[in-house]
Structures are given as structure tokens and as C-alpha cells.
Amino acid sequence: MICDRLQNALPPVWDGRQAVVYMRENGCKNWKQMEWHGFYFQFECERILSDVMNIPGPKYKNVIFDGGNEIPWDFKAHAVKDGQPVLGNVPTNGYEETCAAIRDYGEVGFIVACGKAVYDTDGSFKHWHDELKGGISRFETERIQRGARSRIRKTAFYFDSLCFVFLNERTLPFCGRFQTDFRNSDGSLRNPKVMLNLSDPRIETYKFDLRSRRLSR
């Protein structure tokens, strides 16, 4: 049912400008974020699934799962790189918080929208987005002062498949950990995140291809 709802309600092509304006006009607090495609998917999942899930889901420390019914759920969007033979890795929630949720519920689930992205090679999308936000953010100003390069934005996302991933105590150790060496602005270490490998056969993953309308394990 969840799969049918999402594939029928979401467009196959997500235009960056349209998605950002849509989120702003409909009260999404994350419309200013550069990774707009992930927040757009989360925002739409919350709307489409609000009558079959509790939105938001359970909270562990500072981590709030996007939804919950029998188990906690999180909604992610993942851009598969051109020429990449496998679906690749997806950073998700905090490792400690995911462990706590698994202890309480037995497992946690992730709904991942996969597809190809078009990138802002000439910088026009970034310029448009900055103007819409009223100027560059404090974080962007600090990046410029450090001399760090700006990450290239996505201008569009071609949505072609949905992955449903389930983690429990047995399969969580097969996941990697992301940002283990990252630090916060005060110098403290960040909490590592669970890194899903969508192509790992040891992890319970179901992929629905929107073109063939086939569900595979």
C-alpha cells in the first residue's frame, strides 16, 4: 500500500526550482537546504502517508524518526551516479539512536527514493536559490572565509525506484558508519550515522522499479 501510494503520487521528474518553491509555499521549514531533493521526498512522504503512519515518529535524543507505526521509519532520497553498477551507500540516522530504536521495536525501516540527478554545472541554480533565501547563509559565509569549495547542487532528480530497507540487531553490524571523524563547530566529535549499503544482500532490502512495476528482493 505504501509503495502504491508513493509511486502514484510522486512525479517521475523533480525539478529543483519547482520543488523548493513548493516546499516554501506549503510550510516546509527545510526549503532553504541545499540537498533539496531529500527534504522534498521527506515532506511529500509526510503528506502522502500521514493517515497510515504517525508523523513524526519516535524520538531518541536529538534524532526524530520521520514516521512510525509498528516500527520507526525514515525517508531518504539517494542520487545514483552515472555508470555506478550498484545502488551505493546512503547515510541515515545516528548509530546510537538507531540501536536504541531497534532495541525498543525489534527493527527500523527506511524508504529510499533512488534516481539520477542533474547537477548545477554553471552555478545558476545556486545563485537562484541564494537570491530566493535572501542571501547566502552564515555557514556559506564561513565556508568562503575558510576557502573551502562549495558542493555542487542538484537541479533535478529523475525518480526511478523505491527501496524498502529493514535493519535489526543481526543486520545492523553489516552497515558502515558515516562521519566517525567529523567534529562539530565546538570541536566535539559528531555522533556517527548508519551508512546503508543498498546492494548488500545480507540486509533485507526490497526494490520497486517504477518503469517495470516490479518488486525484487
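In the predicted model, Arg 5 is partly exposed, with a relative accessible area of 26%. Its partner in a salt bridge is Asp 51, and the two side chains meet at 2.5 Å, N to O. Arg 5 belongs to helix α1 (residues 2–9), whereas Asp 51 sits in the loop between α3 and β2 (59–60), so the pair ties together parts that are 46 residues apart in sequence. Asp 51 is exposed, its relative accessible area being 56%. This pair is one of 10 salt bridges in the structure. Side chains of opposite charge can pair in this way when their charged atoms come close.

A further salt bridge joins Glu 35 to Lys 154, with 2.9 Å between the closest N and O atoms. Glu 35 is found in the loop between α2 and α3, and Lys 154 in strand β8, so parts that are 119 residues apart in sequence are tied together by the pair. The accessibility of each partner was also computed. Glu 35 is partly exposed, with a relative accessible area of 25%, while Lys 154, at 10% relative accessibility, counts as buried. Both residues take part in a network of salt bridges that also includes Arg 151.

The salt bridge between Lys 133 and Asp 130 lies within helix α5, where the two residues are 3 apart and thus separated by about one helical turn. Their closest N and O atoms are 3.7 Å apart. Lys 133 counts as partly exposed at 22% relative accessibility, and Asp 130 counts as buried at 12%. An α-helix has 3.6 residues a turn, so residues three or four places apart point the same way.

Helix α2 spans residues 16–25, and its buried residues are Gly 16, Ala 19, Val 20 and Met 23. When the helix is seen down its axis, these buried residues fall within an arc of 95 degrees, so they line one face of α2. The face turned away from this buried side carries the exposed residues Gln 18 and Glu 25. The buried residues of α2 pack against two strands, β1 (13–15) and β8 (154–167), and against two helices, α3 (36–48) and α5 (124–133). Helix α5 is also where Lys 133 and Asp 130 are located, and strand β8 holds Lys 154.

Both ends of α2 were examined. At the N-terminal end, Asp 15 caps the helix, with a side-chain oxygen 3.2 Å from the backbone nitrogen of Arg 17. Just after α2, Gly 27 takes a positive phi of about 85 degrees.

An open sheet is formed by 3 strands in the order β6-β10-β9, with antiparallel pairing. Strands β6 (89–94) and β9 (176–178) stand at the edges and have a single partner strand each, so one side of each is left without a neighbour in the sheet. On average, neighbouring strands of this sheet are turned by 40 degrees against each other, direction ignored. The antiparallel pairing of β6 with strand β10 (residues 193–197) extends over 4 bridges, and Asn 89 stands opposite Asn 197 in β10. Helix α4 (residues 95–105) lies across β6, β9 and β10 and runs at about 75 degrees to β6.

Methods:
Residues are numbered from 1 along each chain as its sequence is written. This is a predicted model: local features need pLDDT of at least 70, side-chain atom pairs count only at pLDDT 80 or more; totals for chains, interfaces and linings use all residues. Side-chain values use heavy atoms; hydrogens and water are left out. Buried means under 20% relative accessible area, exposed over 50%, partly exposed in between (1.4 Å probe, protein chains only). The arc is that of the directions from the helix axis to the C-beta atoms. Contact means heavy atoms within 4.5 Å. A polar contact is a pair of N or O atoms within 3.5 Å; within protein, one must be able to donate a hydrogen and the other to accept it, and residues adjacent in sequence count only if both atoms are side-chain atoms. Two strands pair if DSSP finds at least two bridges between them. Axes are lines fitted to C-alpha atoms, for helices over the stretch in contact, and angles run from 0 to 180 degrees between N-to-C directions. A salt bridge is a side-chain nitrogen of Lys or Arg within 4 Å of a carboxyl oxygen of Asp or Glu.
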